[in-house]
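Here is a briefing on one structure. Keep the sequence and the model side by side while reading.

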Amino acid sequence: MSIEHYSLLPHLPKELLALADLALDLRWSWSHAADTLWEHAAAELWSLTRNPWLILQSISAERLEQLAADSDFVAMLADFHDSHEKTLAMPSWYEQAYPQPPVRQIAYFSMEFGISEALPIYSGGLGILAGDCLKTASDLGIPMVGLGLLWQQGYFRQVINGNGCQEEVFPFNNPHHLPVLPVRDAKGEWLRVELPFPGRLILLRAWEARIGRARLYLLDSNDPINHPADCGITSELYGGGSEMRLQQEICLGVGGWLLLGKLGIQTEICHLNEGHAAFAVIARARDHAQRHGVDFSSALHATRAGNIFTTHTPVSAGFDRFSPELLRQYSFGIAAETLLALGRENPEDREEPFNMAYLAMRGSILANGVSHLHGQVSRRIFQPLFPGWPQEEVPVTHVTNGVHVPSWDSPAATTTWTKVCGKGRWMGDLEEEEINGLFQDVSDQSLWDLRSQARSRLVTFARDRHLRQLASTGASVEQIKQAEFALDPNILTIGFARRFTAYKRPNMLLCDPGRLYRLLTHPRYPVQMIIAGKAHPQDDVGKNMIHQWNQFIAGHPDLADKLVFLEDYDMLLAEQMVQGVDLWINTPRRPWEACGTSGMKVLVNGGLNLSELDGWWAEAYTPEVGWAIGDMQEHDSDLAWDTKEANDLYSLLEGEVAPLFYHDRDPQGCPCGWVAMMRESMTRLTPRFSSNRMLREYLERLYMPATCLYAKRQDQAFVDALHDWRVAVERHWNQVHFGELCITEDDDTYLFHLPVYFNDLPPDFVKVELYAIPWDHSKAITHSMQRGEAIGGSINGFHFTVCIPKERPVGDYTPRIIPALEGAIVPTEARQILWYPR
Ligand SMILES: *Cc1c(COP(=O)(O)O)cnc(C)c1O
């Protein structure tokens, strides 16, 4: 540990030095072991902020002296510090599962990281996923560092004004108040990376955040050495125009890669969380080229094997694009046209904008979408990069997102899960069946108690937040009085919180206001709702929907105790909501919710989901675990369909959800049907949609195979062979042609015979196969054809044959030729394809 951070803190008596260590490790955001320590040190500050680092910065010298003199406190601190160190040093799941580590280092690049409200450098789901990923890497002991930017203003904060409209405020994140430390080099100098921008150099300072065993490195441009205009590059997340965005993405991708070098971190895998970071691919290849004295193209093929791209966008309009003129002004150390070609569908089209997702695709060996459905959608939207290839063979797989369960569980849920599954339950590979078995012994009553406690906590929290919100917007005394008793800890509580934007249809329940009113005020089955969400400052449609909700609330004073809109949706509020609600509703327009993760956060807490069959819910839903709307089809923005779905939603709530919650109560008041569903949802879905499962899947299906490919390419002879293969395929592809296909059959089999003429292309460089369209959306059906004798009198012509069982009509099979080389991935690395003409 460096002594560095003491300069940012009041003087800590030596007995209390360990406090700084504990406060700097953001592991406190999910491990609540030391909460009592902080509460004891500064009860009021703790209850207000729950932020140990802030406590240390705010606490008085007098209080510190008292604590230092309190031998009980000092002993408690020593205990906590000791157990913290021990936990981090314990053999991890990864070390135990893989005594010979198959991957030594992963660098995870992301524009945003949502780790804790104490480090507000995220805007929504993408960032939370990145944060959950690092936390899980720490839990499992997977060697990962994060690379991101230290946003001075982060994302905006939301205020709902007296008219029910969103207003945006941008508080300044003083880095010295954040739980991050400057990174110093061996000589003690602040580590900076230097980037060439048009006509100037800009410097980025490096910071480090600790997340248990993982580290997050952040760059920022707000350095007095920079030109004042450049200081603001890392100011606003998703703010500014196109050039600012480009600069930010250069800082992230190129700056991030350079920083790894300065830190001496040799990484095998660069994982690009969305296309924003794709310039890392260029920086990495250039670095390799310089180090090994090879050209850029060869270096790109050597290094791309270590790059993984996760795409999050369900529509190609969502990709970041830059104009070629803008890009040409920036230097990447390679010819501008070489770079531009990598970001275009048609590399020859000089007008085509530069697409960051295309660069990421071309620069990565493996790519994935974030749910089963989003995998399919992504194969569709990346299809233009692989002309002639069937959609199901477009090389994008999927890894469904998960959430870091310990970050989102309620205290009551923690207690229950610890009792049932033990303390280390999210640290290894606990499986669904096992959990299900363990939960057999948990009584309905105790599950219901867990639910009731959590709901009651949420009611208290929501009242408090709501009161503060009303007071700050000048509400009347009556309104404030009424709000003190808003919400009822004993009635069905629904949560709806997410970004307000058109595709999420956050005002679906307002479709028929009368019906909503009746739902909320039902005499026997009453329902209450807590709503929250921000709209992007430029999204007027989203902002208008926020206004609509608040108008509805203002227009029905008698609903004030049943329906509250809480402003400034953030991780803190999300945490409280997902812990307390009975039902989480999600109404995206399919297939726009690439995955969605907020609904996964209620699982561990015994909350249930009612959602559109989109994203993760399309693969999670069964009638035993929750409710669904939608028909698994896409309807664009068809208003009639929206109305139909709204009616389905009301009907489900009125006819199934509310009755299940209130009916069939046992003598202790426990609703047996509801609890049965809770049990199924908790045990079946929690492990499956945890980031523990997700990260293990990334490790096994992407990081490990990529590491093997990457290792092979450290041998320049192989890279040269790969290069020769690509060049030959590209140069001679047009010379390859078929002879006449001949099919014979007996009772059980077809025999296909096909002459192929290769001319100048070595026949070893390709594969000839039969292809049949798969019955469903599954994997392609292919049969390799064997090369036989040379065709007499031909130049490089051969007979190919294959004998296959008569499973399908003969006309279903089409011969084709594709490039093939051991150790190369096709069509990722060579997208040629030649179909037998039919
Ligand atoms: C989990 C979370 C999200 C992501 O939610 P989705 O609506 O499922 O994409 C966004 N914001 C916050 C604050 C969250 O906690």
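**Strand S7 and its partners**

Strand S6 (residues 192-197) pairs with S7 in the antiparallel sense over six bridges. This is a predicted model, in which local features need pLDDT of at least 70 and side-chain atom pairs count only at pLDDT 80 or more, while totals for chains, interfaces and linings use all residues. Residues are numbered from 1 along each chain as its sequence is written, and side-chain values use heavy atoms, with hydrogens and water left out.

Strands (E, at least two residues) and helices (H or I, at least four) are DSSP runs, numbered from the N terminus. Two strands pair if DSSP finds at least two bridges between them.

- S6 and S7 form a hairpin with two residues between them. Glycine 199 in that turn has a positive phi of about 75 degrees.
- Strand S8 (residues 214-220) runs antiparallel to S7, joined by seven bridges. Isoleucine 211 stands opposite alanine 214 in S8.
- The hairpin of S7 and S8 also has two residues between the strands. There glycine 212 takes a positive phi near 60 degrees.
- Strand S5 (residues 181-182) is joined to S7 by two bridges and runs antiparallel to it. Leucine 181 has glutamate 208 of S7 as its bridge partner.
- Strand S7 (residues 200-211) has 10 of its 12 residues buried, so it is largely enclosed by the rest of the structure. Buried means under 20% relative accessible area, exposed over 50%, and partly exposed in between (1.4 Å probe, protein chains only).

**The parallel sheet**

- Six strands form an open sheet with parallel pairing, in the order S17-S16-S15-S18-S19-S20.
- Strands S17 (563-566) and S20 (626-629) stand at the edges with a single partner strand each, so one side of each has no neighbour in the sheet.
- Neighbouring strands of this sheet are turned by 20 degrees against each other on average, direction ignored. Axes are lines fitted to C-alpha atoms, for helices over the stretch in contact, and angles run from 0 to 180 degrees between N-to-C directions.
- Strand S15 (residues 492-497) pairs with strand S16 (residues 527-532) in the parallel sense over six bridges. Glycine 495 has isoleucine 530 of S16 as its bridge partner.
- Helix H28 (residues 672-688) packs on the sheet and touches S15, strand S19 (608-612) and S20. Contact means heavy atoms within 4.5 Å. The direction of H28 makes about 75 degrees with that of S19.

**Salt bridges**

- The count comes to 41 salt bridges (a side-chain nitrogen of Lys or Arg within 4 Å of a carboxyl oxygen of Asp or Glu).
- Arginine 157 bridges to glutamate 117, with the closest N and O atoms 3.3 Å apart. Arginine 157 lies in strand S3 (residues 157-160) and glutamate 117 in the loop between strand S1 (106-109) and helix H8 (125-140), so the pair ties together parts 40 residues apart in sequence.
- Glu117 and Arg157 belong to a salt-bridge network with Lys534, Asp568 and Asp570.
- Arginine 505 bridges to glutamate 612, at 3.1 Å between the closest N and O atoms. Both residues are buried.

**Ligand site**

- The ligand is surrounded by 14 residues (one heavy atom within 4 Å). The closest are Lys504, Ala574, Thr597, Ser598 and Lys601.
- A polar side-chain atom of lysine 601 lies 2.6 Å from a ligand oxygen atom.
- A backbone N or O atom of serine 598 lies 2.8 Å from an oxygen atom of the ligand.

Terms used: Polar contact = N/O pair within 3.5 Å; in protein donor to acceptor, adjacent residues only side chain to side chain.
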